[in-house]
Amino acid sequence: MSGSVVVENLVKVYGDLHAVDDLSFEVGSGEVLGFLGPNGAGKSTTMKIITGFLPPTSGRVTVCGHPVETQPEAAKRCLGYLPEGAPAYSEMTPWQFLNFVADIRRPKDRRGRLDWVIGQLGLEPVLHRPVDTLSKGYRRRVGLAQSMLHDPRVLIMDEPTDGLDPNQKRQVRDFINEMAKDKTIIISTHILEEVEAICTRAIIVSAGKVLVDETPEELRRRSRYCNAVTVQAELTESVRAALGELEDVAVVEPERNQGLTLIPRPGCTLENAVRDVLLRHNLKEVPLHIQAGRLDDVFHTLTHNVHE
Amino acid sequence: MNNLVAILRRELAGYFQTPVAYVFIMIFLLLSGTLSFYLGNFYEREQADLGAFFTFHPWLYLFLVPAISMRLWAEERKTGSIELLMTLPVTVSQAVLGKFLAAWIFTGIALFLTFPIWLTVNYLGDPDNGIILGAYLGSFLMAGGFMAIGACISATTRNQVVAFILSLVTCFLFLLSGFPLVLDFFQLWLPQPVVDAIASLSFLTHFSSINKGVIDLRDLSYFVILISVWLYANMIVVRARKAA
């Protein structure tokens, strides 16, 4: 059984720039795919090709079984798309704008769907104000409302929380989580905490190529901070030295306020060894923090070399 | 069809949500009125027809139609809303036709609102209303020709000012292509049959015979073909350059 969105050997060339370079992946129902990568990695271009806005140089995209190139209307009907920056017609009000989209999308229960998206995204207060007078947060929500008006099976969102305040970010994430059960969702983002919060899978692209394709947990395990131990206390020189001499410690990093972080050699755990050292120095009460790994560190390590 | 109507309605409503519609209609009525009374000597001619009124339409359209058409696509590309429009399940031809028809209907509304001058001439004398109706039709078709040129050019750029100037120049060439101003330039390096073909593209020649009351199928089909060709070009441009 193939996924709802199938991307095969996608290539997009602008002049001599390979914006997308032989990209392949599949996303199925119930998955939330985080599309990560530095600026210019080809995330937006890939999304524009999946949604049928841009033709690929070569390769194939299938959405809900419809090849985007040969059956663009059928493919577009079953997907919802939030373009980067959530563009809308600035002179229209959200109400007029959503009605225009409904005129074209023709959802089954038109009135019900309109009420639902307006309610879910809290658009009532601004429903009859022109879009260009709205705050960035509201504009983004209008864009989101537009993308899910027809209850699409596939949702593609280019940086859905960009420019929102922390509360709005959280709202949008909760909303995506709620929708995720029976849909295929692809989001692009720069915000790594977002990947942990909503994605079931992450693809990191750089220079148009897939670098990794795995779950956020697996991704985190690649971090050198995975299983690192942070000792949050003021330590004497002798304790520091003893900790630093532990066999499995690769690097010792001082923490900003006090204490230090011990990074293990690959595949090793440090917790017990550290506890032993602390016990020997009568520091039983000192809190230890075992790190799960840092995504930003993984992201940096993976994408850094490509750009050098 | 439904998609086309949805796009058309959105566009048309858009004109009336901004000052564009009111400014355009006011200026159009003001200029068409004053030009026919002062420059066209509407009274002094002492003829019960609207020749003095229609003579100035090509020149009015030359400036006013590009002012409407310039935003058709350039604005969509500038704000990125084209990405939204073209990822809805609509075809390029529906979008191109919907936008064009909305703009054309809008100029039609402005044209319709000149009816007081028709009432005036009927009050003052006994004009041939068939000729007037024909001239209105010709004027409307000519506005469509200008609009189709402007729409296509608007799709080539994201800058409305560039779209305006390029449309104006192109419309000017079409307007005067039967006149020495344009023909002398081509005469130097093109064979005579080609020059003749260019001369036959003139808006003015085709419009002036309609204005005189001669409704020739060739003049009507000229405008229809011209509009079709430019709209077809518009679709090609949108397909090729929508993301550029």
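Visitor: How much area do chain B and chain A bury between them?

Guide: Buried area is the accessible area (1.4 Å probe) that two parts lose on being put together, summed over both. Here chain B and chain A bury about 2,400 Å² between them. Of that, 63% is on carbon and sulfur atoms. This is a predicted model: local features need pLDDT of at least 70, side-chain atom pairs count only at pLDDT 80 or more, and totals for chains, interfaces and linings use all residues. Residues are numbered from 1 along each chain as its sequence is written, chains are lettered from A in the order in which they are written, and side-chain values use heavy atoms, with hydrogens and water left out.

Visitor: How many residues are in contact?

Guide: Contact means heavy atoms within 4.5 Å. In this model, 26 residues of chain B touch 24 residues of chain A.

Visitor: How many salt bridges does the rule find across the interface?

Guide: A salt bridge is a side-chain nitrogen of Lys or Arg within 4 Å of a carboxyl oxygen of Asp or Glu. The rule finds three between chain B and chain A. B:Arg10 forms one with A:Glu91. Their closest N and O atoms are 3.6 Å apart.

Visitor: Which elements give two or more residues to chain B's side?

Guide: Helices are DSSP runs (H or I, at least four residues), numbered from the N terminus. The elements are α1 (2-17), α5 (71-79) and α6 (81-87) of chain B. The largest share, eight residues, comes from α1(B).

Visitor: How is chain A divided?

Guide: Domain bounds come from an automatic or database domain assignment. Chain A has domain 1 (5-221) and domain 2 (229-291). Their centres, taken over C-alpha atoms, are 44 Å apart.
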